[in-house]
Amino acid sequence: MKRILISLICAVLILSVGAAAASSVSVTSEGFSASDAPEGSVLIAALYKGGVLDAVRIVSARDSVTQAFDEEFLAYAEDDDIIKVYLWDKETLSPVCGFSGGSVSELAEAQADEPQATEEPSATAAPQATDTPADEEDNTMTVTIGDEIFTAVLYDNETAQAFSELLPMTLNMTAFGGNNEYYYYFDSTFPTDSYRPGTVSAGDLKLYGNDCLVIFYETFSTSYSYTDIGYIENPDGLEDALAAASGTVTIEMNAD
């Protein structure tokens, strides 16, 4: 099997005696691994199908560890749409770093596309968005989540326009494994202009594929492609609001 490597180097520093080390996790078509793992940590690979946990593998981690996918896990991977890999600190009961992406096959496709890119953004450059916000007076939305009310801005593109034509709407969104985001699959599709942002920010509203709305409540690195829809101006408290409302979100355009 052709080895396809996608690695996420976390910007989290792990405190150790006299030094600090940057931990990382990697996912390949053959298995998953971690480097510079703190003592007492575990490496977890999880497959999801339709937002439901389908298969999981857990191995003890210290320093560097590599675990091959077994045949049963790979069989699940053929049908599942999401893979997540986390390095988890058992002492602090918190994630050290992790990778969250599409299916194993989508990871392979994303990596296969890499040679086509002729330029890479610098380490300090902001993610290259494909659109800019439209006139905020015309393109602002109210996002109501339980008792909390947020203001969001639509981008000036065909996807955002198609999305706005469906408003107002109330969605029962699903937590994506309890980490980073909530998502909702529409029955219809939207026009797309996807790109790989490198980093998504808390409050981003994006389209995954051509029919899945995603609201991100954390900022993290990703290798996957999205189409911009808009963003919540002040996402403080967004995660707690989504959890308290069990993902029920009402979105409506503001009056001109």
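Lys 206 stands opposite Val 214 of strand β14. In this predicted model, local features require pLDDT of at least 70 and side-chain atom pairs pLDDT 80 or more, while totals for chains, interfaces and linings use all residues. Residues are numbered from 1 along each chain as its sequence is written, and side-chain values use heavy atoms, without hydrogens and water.

β13 (residues 204-208) and β14 pair in the antiparallel sense over four bridges; two strands count as paired if DSSP finds at least two bridges between them. Strands (E, at least two residues) are DSSP runs numbered from the N terminus. Both strands belong to an open sheet of nine strands with antiparallel pairing, in the order β9-β17-β7-β8-β16-β13-β14-β11-β10. β9 (169-172) and β10 (174-175) are at the edges with a single partner strand each, so one side of each has no neighbour in the sheet.

Glu 218 lies in the loop between β14 and β15. The table describes this residue.

| Item | Value |
|---|---|
| Glu 218, relative accessible area | 32%, partly exposed |
| Glu 218 to Pro 235, C-alpha separation | 9.0 Å |

Partly exposed is the range between buried (under 20% relative accessible area) and exposed (over 50%), with a 1.4 Å probe and protein chains only. Beyond four places in sequence, Glu 218 is in contact (heavy atoms within 4.5 Å) with Asn 180, Val 200, Ser 201, Ala 202 and Glu 239.

The largest nonpolar core has 28 residues, and Ile 145, Phe 163 and Ile 251 have the most contacts inside it. Such a core is a set of buried Ala, Val, Leu, Ile, Met, Phe, Trp, Tyr and Cys residues joined through side-chain atoms within 4.5 Å.
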